[in-house]
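Subject: The structure for you to look through

Dear colleague,

I am handing over the structure below, and I would be glad if you kept it open while you read the notes that come after it.

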Amino acid sequence: MIKKMTAMGLVGMAMTVSAQAGDMALSLELPRIDVAEYHRPYVAMWLQNDDSGDVTNLAVWYQLDKRDDKGEQWLKDMRQWWRRSGRSASMPLDGVSGATQQPGVHSVDLAKVADSLAPGSYKLYVEAAREVGGRELLKIPFQWPVTSSTTLETEGKTELGKILLNLAP
Amino acid sequence: MKKSKLAIIALLACSLPLVANAHRAWVLPAATVLSGENAWVTFDAAVSNDIFFTDHAAMRLNGMKAVGPDGNEVELQNQHTGKYRSSFDLELSKEGTYKVFSASSGLRARWETEDGKRGFWPGRGETPAPGEFKKAVPKNAKNLQVSQSSRRMETFVTAGQPSKTVFALQNQGLEMEPITHPNDLFSGEKAQFRFMIDGKPAVGVDVTVIPDGGRYRNSPNEIKATSDKKGVVSIEWPSAGRYWLEAEYQDDKAAKPATTRQGSYSATLEVLPQ
């Protein structure tokens with residue numbers, strides 16, 4: 001009962017935040033990799049609450065178009081995402097699943113996520129795994145909500161390029 | 001003739017892990033964490049000196065079984081036994097954790113006869129019924145030692161969300177009850193396993209964990225641990241890879257006619273990178 005009230009309290013607080021129009025956007029670079037056999041990477045992006053461990057999936061890019069969902073066979077190569085969320089989810093995830101992307105800079109609109117995200121301490125995770133290639137996991141810690149506009153960034157070394165997380169009050 | 005020969009080889013292979021510093025028996029899955037519908041995993045099974053290098057003998061598959069997340073037995077498909085290894089495939093048609101294992105237990109006796117000759121029971125390759133003990137051991141045997149021994153070898157694979165049904169204990173011999181799920185092991189993290197002997201916590205179990213790839217190192221890099229008073233062992237994984245865990249236990253709390261109780265357990269585990 002107490003738990004339920006806390007949860008309701010959190011929802012209430014989250015709604016207050018959304019009324020204050022918090023905003024969130026992500027920009028992510030997939031580097032051009034010069035190899036004989038290139039496959040677009042599988043990429044997963046998620047938020048994890050430091051206290052509760054709760055995971056909010058932002059996007060999962062994988063091979064959607066293969067017959068018999070064969071593309072799902074490689075989802076587990078995004079090891080941490082698979083462990084934290086993927087293995088307990090039923091694919092495809094509505095509004096989260098997407099096709100693999102070309103090298104270049106991609107932006108991910110997170111306005112909806114910002115609307116419903118409870119205040120707290122979080123980490124943004126971005127994990128990429130490429131067929132016959134490597135795997136890379138990056139994270140950006142942040143507090144939500146923010147009082148002024150902030151851009152946080154990190155940069156990968158192999159499978160991921162620059163990642164920018166824009167947070168606005 | 002052929003059948004009994006096979007049985008002898010199987011028993012020899014099975015009993016080898018009980019002998020210190022002997023060949024090691026293992027079953028190695030090609031993958032332990034699977035995604036997608038109807039995943040397949042292929043396994044190798046062998047007895048070797050170097051862990052996961054097939055350099056000695058194939059393991060016979062007649063004692064090998066697999067059980068699925070619903071508790072039902074799953075068929076080992078495409079079985080093959082070659083010179084140095086056996087292999088088989090498992091189809092993971094249901095979501096959850098599967099266990100591949102081989103287990104046996106029984107009495108063993110050693111004694112000296114009145115004229116000083118050594119006797120032992122059961123004979124090599126024999127798997128007698130428990131009641132035969134009285135008939136086999138002479139009444140006037142000297143220095144009679146009877147042990148109740150068990151051996152168990154296991155490995156685990158998971159499709160999708162891990163489950164725990166296959167961890168149900170048989171309450172017989174030395175068994176491992178995972179506290180940390182064996183398909184949720186990551187480098188730099190600690191895993192805990194509880195060892196049980198005949199269904200009760202086994203205190204002071206000697207555990208040795210050997211990482212894969214010994215051929216390419218100058219030392220085996222073994223991790224040693226001993227179970228605490230709750231039977232629990234903690235292991236911190238130094239790096240990702242495949243590991244072979246071996247546990248040995250012995251005490252004198254055996255049921256009559258046995259005077260000692262010994263258990264041997266081994267498992268193949270995979271640790272993933274962070």
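This is a predicted model: local features need pLDDT of at least 70, side-chain atom pairs count only at pLDDT 80 or more; totals for chains, interfaces and linings use all residues.

Residues are numbered from 1 along each chain as its sequence is written, and chains are lettered from A and ligands numbered from 1 in the order in which they are written.

Confidence comes first. The pLDDT is the predictor's confidence in each residue, from 0 to 100, and chain B averages 90, with 92% of the residues scoring at least 70. Over residues 1-21 of chain B, however, the pLDDT is below 50, although this stretch has 32 contacts in the model beyond near neighbours in sequence; two residues are in contact if their C-beta atoms, placed from the backbone, lie within 7 Å. For the complex, the predictor gives an ipTM of 0.79 and a pTM of 0.85.

Chain A has 3 helices and 9 strands, where helices (H or I, at least four residues) and strands (E, at least two) are DSSP runs numbered from the N terminus. Five of these strands form an open sheet with the order 4-3-2-6-7 and mixed pairing, two strands being paired if DSSP finds at least two bridges between them. Strand 4 (97-98) and strand 7 (135-144) of chain A stand at the edges with a single partner strand each, so one side of each is left without a neighbour in the sheet.

Strand 6 of chain A deserves a careful look. Strand 2 (residues 42-49) and strand 6 (residues 120-129) of chain A pair in the antiparallel sense over 8 bridges; in this pairing Tyr125(A) is the bridge partner of Trp46(A), and Asn49(A) stands opposite Tyr122(A). With strand 7 of chain A, strand 6 pairs in the antiparallel sense over 10 bridges, and the two form a hairpin with 5 residues between them, where Val132(A) in the turn has a positive phi of about 50°.

Leaving aside neighbours within four places in sequence, the contacts of Val126(A) include Leu28(A), Met45(A) and Ile163(A).

Some backbone details remain. Most residues other than glycine have a negative phi, and most peptide bonds are trans. The bond from Met91(A) to Pro92(A) is cis, with omega near -5°, and so is the bond from Trp121(B) to Pro122(B), also with omega near -5°. Asp198(B) has a positive phi of about 50° and counts as buried, because it has 20 C-beta neighbours inside 10 Å.

Finally, 11 residues of chain B are in contact with 12 residues of chain A.

Methods. A residue is buried if 20 or more other C-beta atoms lie within 10 Å of its own, exposed if 12 or fewer, and partly exposed in between; C-beta atoms are placed from the backbone.
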